[in-house]
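User: Can you walk me through this one? I'd like the overall picture, then some detail.

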Amino acid sequence: MALDKRALIGRRIALELKDGDYVNLGIGLPTEVANHIPEGIHVLFQSENGMLGVGPAPMAGEEDKDLINAGGGYVTALQGASYFDSATSFAVIRGGHLDITVLGALQVDQEGNLANWMIPGKLVPGMGGAMDLVTGAKKVIVAMEHCDKSGNSKILKKCTLPLTAKGRVSLIVTDMAVLEKSDAGLILKEIASGLSIEDVVKATEADLIIPDKVGSF
Amino acid sequence: MSKIISITDAVAMIKPHSRLFIGGFLACGAPEGIIDEIVNAEIKDLHMVVIASDWENRGVGKLVVKRLIKSAQVSHLGTNKEIQNQMNAGEIQIELVPQGTLMERVRAAGAGLGGILTPTGLGTVVEDGKQLIEQDGKTYILEPAIQGDFALVKAHKADKLGNLVYRHTARNSNPIMAMAGKITIAEVEEIVEVGELDPEQVVTPGVFVNYIVLSKEGK
């Protein structure tokens, strides 16, 4: 994905963060969010391998083999950080103590279902902590490209891949749009600047609710 | 009775078909010395309970490459092509378990519980064939405890009673696995005298630890 698309998505999701939030960022695109935290907002990042207060990657030569994030990358610990075992880590996640989780997706649908852990017959990496995160976090934000590499919509009427969790997605942020899940369906809240509502509708298989006012980002 | 033994003697207790809980997260906090010795001893047909299958050359991935693992309960395989190949070829049986569920099922075994109720996996393939239970108006999946023979864990330091302290994120699944083994073997970087660890700092009380082995680089 082009760097500017990543930045666009990361910057927009960062606006969802509130001061004092506890946040878990998935591997890949979601980590971009950490680069765009608005001024005056302080959040604590959780890593499911057992840490709160995850800091940036260390300087070259200062890596510590005992200090990694859930993607296996070296990190640092900020002041106020804590370490804990995996059961405690998932008590944070599943127990409803995490304000926001940001994850990538293979597919999302208009019922708020998410599929991001396997493609039968092709790719079976396992769900890792994703099912617990999507089940337990107070707010589930999906960060992804609007369409796959062949140009097909990743936002569907109904997911066809095995689900990660049912009906738990609350916000989808892509390179084209911001979509909010409501009881009535997916609401088109904002479109990326330079695009028209038509562009987004055309690139989306799911039904969209289009309010009178659609913002841009 | 001293709990300190050699890695060779520790691994000699593990027989083919043993069920192993192995600590670590993507090889961070994995008992590499014990794993290497199992590879040397070529103990086959093992079942392993692990968070992830690590890499081909690090952590439990080495057991997979040596084809010592017959079955596994694991949450993530993404970093290890070899285990995915063996799974697709039907050479290794894999139960994929959500990570939080895996930890609670192991914890349950260590805590003498028969299982746990979790919402994780509802509406997904994870709930297939499992009993659903209503409690306080919510639906949960009944997930049974995972029983095992040996817990192989890694800690930073042990005292001679087996009290363990960990370092940073190398703690991860180790304290949970340590509770669940019928026999728990802790590989540590340093063994200190009784009284040298502050009781406030001890994460795994020595009651859970049967044997202590020193890492190759340890002191």
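Analyst: Chain B has a radius of gyration of 17 Å, and a compact globule with 219 residues would have one near 17 Å, so the two agree. Keep in mind that this is a predicted model.

User: What box do the C-alpha atoms of chain B fill?

Analyst: Roughly 50 × 45 × 30 Å, taken along the principal axes.

User: How many helices and strands are in chain B?

Analyst: Chain B has 6 helices and 11 strands.

User: And what percentage of chain B is buried?

Analyst: Of its 219 residues, 53% are buried.

User: What share of the contacts in chain B comes from residues 24 or more positions apart?

Analyst: 72%, counting contacts with a separation of 6 or more.

User: Let's zoom in on helix 4 of chain B. Which residues are buried there?

Analyst: Helix 4 covers residues 81-88, and its buried residues are Ile83(B), Gln84(B) and Gln86(B). Seen down the axis of helix 4 of chain B, the buried residues fall within an arc of 165 degrees, so they line one face of the helix.

User: Which exposed residues are on the face turned away from that buried side?

Analyst: Asn85(B) and Asn88(B).

User: What covers the buried residues of helix 4 of chain B?

Analyst: The cover includes helix 3 of chain B, residues 61-65.

User: Which residue with positive phi follows helix 4 of chain B?

Analyst: Gly90(B) does, with phi near 75 degrees.

User: Last one, the largest nonpolar core. Which residues touch the most other members?

Analyst: The core has 122 residues, and Val142(A), Met48(B), Val106(B) and Ala186(B) touch the most other members. In soluble globular proteins, nonpolar side chains tend to be buried together.

User: What is Val142(A) in contact with, leaving aside neighbours within four places in sequence?

Analyst: Val142(A) contacts Leu103(A), Ala105(A), Val108(A), Leu114(A), Val169(A) and Ile172(A).

Note on methods:
Residues numbered from 1 in each chain as written. Chains lettered and ligands numbered in written order. Predicted model: local features only at pLDDT ≥ 70, side-chain atom pairs only at ≥ 80, totals over all residues. Helix = DSSP H or I, 4+ residues; strand = E, 2+ residues; numbered from the N terminus. Rg over C-alpha atoms; globule rule 2.2 N^0.38 Å. Buried ≥ 20, exposed ≤ 12 C-beta atoms within 10 Å, placed from the backbone. Contact = placed C-beta atoms within 7 Å. Arc of directions from axis to C-beta. Core = buried A, V, L, I, M, F, W, Y, C linked by C-beta atoms within 7 Å.
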